[in-house]
Amino acid sequence: MPIYTTEKLKAMSANDRLSLRNNALNKGTPEALTLARQIDELKLPLGSGGLTEDHPLYQEMYGIIMSPEGKAAALNAVEAGLPAMAGVDPLLQERMGKRYNNEQQMTVNAGYITGSVMISLGYEKHKEGVTLPAGCVARSSTTWKLKRPLK
C-alpha cells in the first residue's frame, strides 16, 4: 500500500479522500486501517455529500449536542421563542471552531441531531424554515413546542 503523507491527504479532493478511506476500511489490513485512522484524525471533509454517522466530525457534533450543555442550550433557545439550533449553533462554533461549517451538510446534520434531542425531551415541531440569528452558521431551522399530554 502506498504511503500517504498528511500533505498529500490534505491536497486530495474530499471525494478522493472518501474513496481512499472506504477502500482502506474494506481492505482491512493493519496498514489500511492505519491509513483510515490517519484520514479520520485529520478531520477533513470526506466526499461532497453529508457526513456519515461514523465520521469523526459527526461524532463530535453529536457529543456536543447530546451533552447536558448542548441540551440546555437548545432548551434555553426554545424558551426564548427561538429555534433550538439558535442555542446549539453558537456552542458548536465555540467547541469546533472552523470545523463546524456549511460544508458536507454539517448544519443539516446538526439540525437533525438537535431535532432528535428535542423529540426525546417531549417536544414536537412547530414551524420549519425559521431564520436563525446573525452569527449562526446554519441559516434556518425549526421551532419547537411541548407536546400536549395524551388524555
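Guide: What follows describes the pocket, then a helix pair, then one histidine. The model is predicted. The largest pocket holds about 390 Å³ of space. Its lining consists of 19 residues, and those nearest the centre are Val-108, Gly-111, Tyr-112, Ser-140 and Ser-141. Three elements each supply at least two residues of this lining: α7 (106-120), β1 (123-131) and β2 (140-146). Of the contributors to the lining, α7 gives the most, with eight residues. Sorted by class, the lining of the largest pocket has ten polar, seven nonpolar and two charged residues.

Next, the helix pair. Helix α5 (residues 68-79) packs with helix α6 (residues 85-96) at an angle of about 145°, and their axes are 6 Å apart. On the α5 side the contact is made by Glu-69, Gly-70, Ala-73, Ala-74 and Ala-77, while α6 brings Ala-86, Gly-87, Val-88, Leu-91 and Arg-95. By class, this contact of α5 with α6 has six nonpolar residues, two polar and two charged.

Last, the histidine. His-55 is found in the loop between α3 (30-42) and α4 (56-66). With a relative accessible area of 2%, His-55 counts as buried, because the cut-off for that term is under 20%. A polar atom of the His-55 side chain lies 2.9 Å from the backbone nitrogen of Leu-57. Leaving aside residues up to four places away in sequence, His-55 touches Leu-44 and Leu-46.

Definitions and conventions:
Residues numbered from 1 in each chain as written. Predicted model: local features only at pLDDT ≥ 70, side-chain atom pairs only at ≥ 80, totals over all residues. Heavy atoms only, no water. 1 Å grid on protein atoms, 1.4 Å probe; cavity = no way out; pocket = protein on both sides within 12 Å on 5 of 7 lines; lining within 4 Å. Points joined across faces, edges and corners; volume = space filled by probe spheres on them. Helix = DSSP H or I, 4+ residues; strand = E, 2+ residues; numbered from the N terminus. Nonpolar A, V, L, I, M, F, W, Y, C, P; charged D, E, K, R; others polar. Axes fitted to C-alpha atoms, helices over the stretch in contact; angles between N-to-C directions. Contact = heavy atoms within 4.5 Å. Buried < 20%, exposed > 50% of the residue type's maximum accessible area, 1.4 Å probe, protein only. Polar contact = N/O pair within 3.5 Å; in protein donor to acceptor, adjacent residues only side chain to side chain.
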